[in-house]
Amino acid sequence: MSSQAGQDAKFFQRGKIQEFRAELQAAEVKDKKFIKRRTVLKKIVANITMGNDMSPLFPDVVQCLGTPLLEIKKMVYLFLVSYGKSKPDQIHIVIPRFLEDCNDRNPLIRALAIRTMSYIPIPVVTEALTEQLRHCLKDRDPYVRKTAAICVAKVYTADPRKAEKAGFVEMLRDLLLDPNATVVSNAVAALTEIGDRPDGVFFKLNLTIANKLLAAIGESSEWGQIYILDSLLRFVPEKHSEADVLAERVLIQLQHANSAVVLTAIKILLYLMNYMENRRLIEHICKKMGPPLVTLLSSGPEVQYVALRNILLIIQRRPTVLRNDVKVFFCKYNDPIYVKLAKLEIMYRLAREENAKEVLAELQEYASEVDVDFVRKAVRSMGRLAIKVEPAADLCIKALLDLIETKVSYVVQEAIIVIKDIFRRYPGKYEGIIPTLCEHLDALDEPEAKAAMIWIVGQYADRMDNADELLDDLVYTFLEEPVEVQLALLTASVKLFIYKSKSEKAKELVHRVLKWTTEEIDNPDLRDRGFMYWRLLAINPGVAGEIVLAEKPAITTDSDRMDRGALDQLLLHTGTLGSIYHKNPEASSREFPYPAARALADTPALNPNSRAVLVPITRTQLPPAVINIPGPGPNEPGNQKPEPPLPAKPAPPLPTEDEDAAEGGGGEDDESERVLSPVAVQGDAVADPYSGLDQLGTLSAGGYSADNPRPKEDDDLLF
């Protein structure tokens with residue numbers, strides 16, 4: 001095989017059209033064994049592969065179709081696949097040869113003929129293919145039938161109505177019961193492609209067909225197994241027992257060596273578990289899913305990353321799958337950075353009281369790595385761990401203080417950012433470390449870290465003797481600071497004045513900051529907040545104190561969890577691009593071509609917990625050929641009526657201080673988050689539950705919820 005490939009390498013040389021035409025004409029004279037013709041065609045195919053235009057040779061190459069040699073026919077058909085679409089005026093000379101080959105004794109030639117015809121979506125070819133395809137779908141040879149099944153999908157893409165009228169979809173459905181497994185898998189692939197089209201037929205399975213497909217899965221190729229397993233999403237269990245039976249038959253596929261088959265099997269099991277009520281069976285399936293997922297991590301880094309992104313979704317919905325396997329996700333020294341960051345997030349998700357010490361020790365190791373971005377995420381994960389697991393908070397604070405003592409700039413700044421969140425989570429518990437933080441005030445040069453430190457100084461100004469001096473130094477560069485820091489300084493100076501209203505230095509400081517904010521700042525968010533604070537302090541300082549110093553709710557990690565309904569829907573795309581981007585295909589169809597969006601169907605077997613968060617989707621309807629727009633037509637120039645005056649807009653509500661102080665004085669982003677999405681306001685449109693899903697679960701700041709803590713849903717996660 002390798003020697004043949006080495007001999008064919010000589011054909012990959014740029015040639016001229018005239019030379020190839022002359023060689024083809026010369027080969028017709030003396031070429032009994034077709035050696036010359038085969039050599040010329042190899043040169044032409046090699047030039048097509050290199051990107052050279054060989055379309056002028058169309059009439060000459062087509063003449064070779066009469067050659068009985070299979071190898072030559074393959075090369076001519078390859079030429080037709082490349083240039084058949086661009087030659088609609090000459091394609092008619094090939095059709096008689098097509099029809100002749102469709103009735104050839106050799107099944108390879110019959111399959112080759114219909115496959116090539118399906119690649120040329122020209123009406124005259126499609127018309128000639130229709131009758132031949134109907135015969136090939138019932139051919140005695142399985143190779144021809146499986147090729148014809150794929151051709152139906154191509155014909156449907158070229159002309160859906162003609163394919164439906166010819167009864168090809170019904171014939172594909174009959175092929176699902178074919179005795180040959182390859183034919184079955186190709187029929188499933190074709191029906192899946194047709195069903196995913198917006199104008200396609202609705203492809204749904206019943207229990208009998210689903211069991212027949214699973215019976216054929218053992219003899220199918222790996223791609224065929226993936227198509228058959230994926231088609232089971234189109235079976236909607238009406239009874240709990242139906243889901244139980246199918247799940248037990250799919251479980252065996254978790255032992256497959258192919259990672260795509262394993263991920264597809266896991267997707268089907270996760271789908272079927274929504275229709276089960278047997279807790280023991282659900283726990284058994286979750287236990288069985290763990291080892292295959294762990295095995296995927298021994299593959300290459302690319303497969304690892306795909307597995308890790310899918311695992312991140314799975315453990316949010318079924319935490320018991322990998323509850324005791326957190327050590328598997330500890331980073332290796334030679335892991336690429338994208339794999340390390342994915343493992344870091346999963347470690348945090350799997351962390352609980354029992355393994356918090358091990359996870360924290362591992363994070364401390366990562367904090368001494370050389371990769372700056374990885375170190376930052378590790379330090380931030382330590383803070384998130386303290387917020388998530390309360391018994392581990394003391395150890396996390398100690399570890400963060402040890403990191404601060406290293407005096408590495410970016411480590412210190414990340415530590416201060418997460419310590420601010422820990423103060424919010426455990427008020428009145430760790431304020432004793434504030435003097436240590438203040439010692440590193442001069443080392444802060446990043447806006448987020450500086451804003452966090454300013455928030456700490458302002459929030460605990462009543463417990464710090466030199467709070468006014470610290471803020472005075474920070475305010476010195478107020479006009480040059482980013483908006484995020486300016487907002488934090490504004491709120492902190494107001495808090496200082498409320499705490500120490502009798503201090504002349506505090507009065508002078510707040511007056512200076514308010515004057516700068518209202519007279520020299522162009523940012524409307526900052527200026528409006530300055531006016532609001534000034535009026536509050538001028539009219540009623542007592543009320544201002546109640547507002548600005550109101551008790552803040554303890555932050556939680558509930559916002560780290562993806563919306564349950566969106567998560568259920570996204571898990572139906574396990575093993576696809578949607579599970580890597582963590583985006584629903586319906587919301588991101590412009591970014592990459594995708595299968596149709598999927599959702600759980602509401603049946604009597606669906607779990608009540610899944611039904612409560614169901615996210616329904618509607619099948620896309622194509623617009624009619626003529627679109628009628630209701631309402632009057634365009635106004636003529638002489639008949640335009642004056643428009644009535646627009647009603648005055650109500651004044652927007654003033655932002656409350658506790659929202660801003662809760663985040664350390666966020667910048668323009670904080671204001672933009674308070675604006676309602678126009679999609680959610682419209683009456684006819686449904687708010688997209690997936691907007692912003694790509695921000696969930698990341699290690700960036702702002703990943704905590706400032707709402708009242710909600711009860712954990714661990715008890716319901718089994719269902």
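Okay, let's start with helix 14, where Gly224, Gln225, Ile226, Ile228, Leu229, Asp230 and Ser231 are buried. Bear in mind that this is a predicted model. Helix 14 covers residues 222–231, and since 7 of its 10 residues are buried, it is largely enclosed by the rest of the structure. So what covers those buried residues of helix 14? Among others, you'll find helix 12 (181–195), helix 13 (207–216), helix 15 (240–250) and helix 16 (259–273).

Next up, a helix pair. Two packed helices are described by the angle between their axes and the distance between the axes. For helix 18 (residues 301–317) and helix 19 (residues 337–350), that angle is about 20°, and the axes are 10 Å apart. Angles under 35 degrees count as roughly parallel, so helix 18 and helix 19 are roughly parallel to each other. The crossing of helix 18 past helix 19 is left-handed.

Which residues meet there, in helix 18 and helix 19? From helix 18 we have Pro301, Glu302, Gln304, Tyr305, Leu308, Ile311, Leu312, Ile315 and Gln316. Across from them, helix 19 brings Tyr338, Val339, Ala342, Lys343, Glu345, Ile346, Arg349 and Leu350. Sort the residues of that contact and you get 11 nonpolar, 2 polar and 4 charged.

Last one: Pro541, which sits in helix 30 (residues 541–548). Is Pro541 buried, exposed or partly exposed? It's partly exposed, with a relative accessible area of 45%. Have a look at Ser501 as well: Pro541 and Ser501 are 40 residues apart along the chain, yet their C-alpha atoms are separated by 9.3 Å.

Technical notes. Residues numbered from 1 in each chain as written. Predicted model: local features only at pLDDT ≥ 70, side-chain atom pairs only at ≥ 80, totals over all residues. Heavy atoms only, no water. Buried < 20%, exposed > 50% of the residue type's maximum accessible area, 1.4 Å probe, protein only. Helix = DSSP H or I, 4+ residues; strand = E, 2+ residues; numbered from the N terminus. Contact = heavy atoms within 4.5 Å. Axes fitted to C-alpha atoms, helices over the stretch in contact; angles between N-to-C directions. Parallel < 35°, antiparallel > 145°, perpendicular 65-115°, else oblique. Left-handed = near helix turned anticlockwise from the far one by under 90°. Nonpolar A, V, L, I, M, F, W, Y, C, P; charged D, E, K, R; others polar.
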